[in-house]
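Visitor: Please take a close look at one part of this model. I would like the strand pairing and its surroundings in detail.

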Amino acid sequence: MTAELGLAALWLAAALAGLQLLAGALALTDRGAMLAGIVRPVAVVQGVLALVAFLALIAVFADTDLSVKLVAMNSHSLKPMIFKIAGAWGNHEGSMLLWVTVMGMAGGVVALIERRLPEPAMLATLAGQAFVSLGFYAFLLIASNPFERLSPVPEEGNGLNPLLQDLGLAFHPPTLYLGYVGLSVAFSFAIGALVTRQVGPAFARAMRPWVLGAWIFLTLGITAGSYWAYYELGWGGWWFWDPVENASLMPWLAATALLHSVSVLASRDALRAWTVMLGVVAFSMSMIGTFLVRSGILTSVHAFAVDPQRGSFILALLAINIGGALTLFALRAGTVSEGERFMPVSREGALVFNNVMLSAILGIVLFGTLYPLVAEAMGAKVSVGPPYFNPMGALFAVPMLVVLAVGPLLRWRRDRFSRVRRLLVIPAMLVGTGVIAMVALGGVALLPTLGFALALGLGWASVLPLKGRNLRRTPLPIWGMVVAHFGIAVSLLGMSCESAFSIEKLVAVKMGDATGVGPWQVKLDAVEPMAGPNWTALEARLLVRYGDHGKVMQLDPQSRSFWAPPQQTSESALLTRWNGQLYAVLGGEADDGRWQLRLWWKPFVPLIWLGGLLIALGGVLALFGRVASDLRRIFAREKIAYRRGRIAQLESSRE
Amino acid sequence: MKRLLPAFLLMLGPCTATPALAQQEKSTAAFAYRQLDDAAKEQEARALMETLRCLQCQGQSIADSDAPIAGSMRSLVRERIAAGEKPEAIRAWLIERYGDYVSYAPQFTRLTWPLFAIPLVLVGLAALLLRGRFRRGGGR
Amino acid sequence: MSERRPAPKPARAPVWAIWLPLVLFLAFVVVVVIGLYRPADRTVASTLIGKPMPAFALPAALPERPGLKSADLAAGKPHLVNIFASWCIPCRVEAPQLGALAKAGIPIAGISVRDSEEALTGFLKENGDPYWRIGADDDGKVQLALGSSGVPETYVIDGRGVIRYQHIGEIRPDDVAMILQKLQEASR
């Protein structure tokens, strides 16, 4: 029953999306004006129905209703409840349903609260949102119905990939999806603005909280994804430039650029066409990324079965949505002026420069990710990996980081570099010291050296905008900017230290033997079998000590065997100190009874993810600041309206 | 202890990490899980391994993979580095056998030149756009 | 600054820049459509086809049978070189086909990869033994030297020791004729 309820809700939501599109589009014409009133309520109800469908899917997963094909394929009655629920979106159909749910709800919220935009732009925006949603509803209902029944009902489900039975990974995809889909709102606003030719500060202010929110989720999603890859894969790597990672990085790069250009548009009424363009590109990157992963076109051999039907369906959606939006852009952007002018040396100038650098990095990542496909079309196989992405990315990232240190200190419209020169003496000296220190150490490659030095300089420079301000009166968005920029320095420092100072030790040790890695002493004390809810494991007990006099601590890396489906994973064990992380993995047993251990000492590696969290926190502060001031403005406006009303009343009563 | 695909793969769908079937693949590759004693050479080997693609798991470098063939490749790299061979010679040896696919570092060839041209194109585009902007914007 | 000048013409993006994103996107769609509809060939083929077999000398995998040297394969007659292992399930699937080829008088040299003598003996007892010689590639080095990326793979070597063809994956019953054809070509 629940499954049918979900399916019915999904069909209804799709029908309402159709209505929302039609009514929104007709209401823009002279004859359909009376339809304008229904667009907002329809958008809200559509969002609610999508949510009902999603909750229904969670319900069938929670009871392990094996008559639903998706449950039988992806779940198992023995799984812990939390993973049963997470299983609802840990598969293709469920994650697409999550996608439309978030999209529908976002549209509903926009319809409920956004009152700043002129009504026609609002109608066009909601129609745009409905248009994009409609494509995804069609995809779900035609090509990947999550509620399909199965007959006969199997005795037991197929289980869920054990790697997904990890709390972190269970919540990682929805986080990224919130980010992806949040960008759909920016996309719809951009469409609305293009259709009605209303590109200006009001448009930017309406769009900004959505871009910020989506960007926060993307930042968190990427940070978390990188950390889980780091501890799950068991080799100490944290970023692989894998197509799937790139698929999550590209929307982030576009959203970061968009975030900054939206700010310029909101406060200075400049960069109009560019901002609209980025609004289209950011969501396009989300869809392209999802497509690349979903279609299996880029991932490797054994990972996904390529499903041409689904692949073509998403591709058709992409072509219609992105192609349509870019055509609209090309037709309309010529009539949108760039807005206010500014000089190269100015806050806007720095923001434009960094926007261009971010776009260039985006271009490199996209091109490098797709190039193997291009080469294959020409009949050859090539691989593009870290040795390409790292230096090519750095080519643009280094100038960007330099400008990032200076930009926030500049004034809007026009400034002189000489005005801020004195402030930058210390950061410049820090950069110099960093380079000299790394060169003196010897053996450190160019990129970590540059990264380390720039991180020091940027770390200092990023807090300079607070100089001379009353800290308690500094607006939250300024705090947000400072924290986020500081987070970039922190993350960069972690990356450089990881790359420059990591120590690796691969050893085979006898029970009771000790070995060392960096400042740590590690003793293999025992290897014992143990049982989990749906796995068994061999667990090593390692006694570890930092330096000669440190406290003895215990680390328990495991080698796990799951049985539904049968699969082995290695669970690394991590020990975090203020100055780094000890990373231990249990390998196989050799014939002579010795155990293979993989150990790493990674100085300052947690800074990578701490920096990521700081970046996201910066976003949260900025979002709070913006929303709070928006709310204040709304209240103030209502108060004025109320007073005006009162005055009018009094005047009329006097007459 | 089989290879796992990058966790990101999991974000969007089912993936197959190696099933724990009865695979008694027994490698005698000496340096699959053993480092070279010479730290400088080990570092050189490690840097090379990070840029070679595992042939079986395909989404990972041989430095990050538990696949037995990756172990054989690591051992090959370490032994040849220990024997004094240059990393680029080892890469060339592998490319001669497996094609460009095996190297994550694209070589500059007739087929891959666009990869190296794209940054120049991007710089050019950026310069064109910015120049136009500021020439007009800076006019007064 | 207070002086009012006539408003300058508003700055607009150049036309090429406005159409560029659409053009790039269309290029993307074309590349992806090609990628989506061409048959997915996900194997990594050896690039040594048409080149001489790299020199190697493998010890015997089983005590009663000689090992395998590359020189053995350049003795004037075409050979098959089968890369296999007891732990590989597709190798069991192709065993009957290899048996048939051996019966047809084709010398099949085996290279057993990352395997042990006991396991290999059991495998051959269970699935038949078509091999003329078996070299033990216990550390996988010769597999790498041949440009083989997985197990099983079968190479057709001509009488001068040149690699003429590489078959990736198991030999299915309907591949046998094709393999014989390749051997025929190699003997010319």
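Guide: What follows goes from the domain layout to the paired strands. This is a predicted model. Chain A is split into three parts by the domain assignment: domain 1 (1–159), domain 2 (420–500 + 614–623) and domain 3 (503–604).

Take domain 1 of chain A and domain 3 of chain A next. Their centres, taken over C-alpha atoms, are 45 Å apart. There is a contact between them, with six residues from domain 1 of chain A and four residues from domain 3 of chain A. On the domain 1 side, the residues that touch domain 3 of chain A are two nonpolar, three polar and one charged.

Now the strands. Strand β2 of chain A covers residues 514–517, and strand β3 of chain A covers residues 520–531. The two run antiparallel and are joined by four bridges. Within this pairing, A:T515 sits opposite A:V522 of β3(A). The hairpin of β2(A) and β3(A) has two residues between the strands. There, A:G518 adopts a positive phi near 55°.

β3(A) also pairs with strand β4 of chain A, residues 535–546. This pairing is antiparallel too, with 11 bridges. A:A531 faces A:T536 of β4(A) across it. A hairpin of three residues links β3(A) to β4(A).

To recap, β3(A) has four bridges to β2(A) and 11 bridges to β4(A).

Methods: Residues numbered from 1 in each chain as written. Chains lettered and ligands numbered in written order. Predicted model: local features only at pLDDT ≥ 70, side-chain atom pairs only at ≥ 80, totals over all residues. Domains from an automatic or database assignment. Contact = placed C-beta atoms within 7 Å. Nonpolar A, V, L, I, M, F, W, Y, C, P; charged D, E, K, R; others polar. Pairing = 2+ DSSP bridges.
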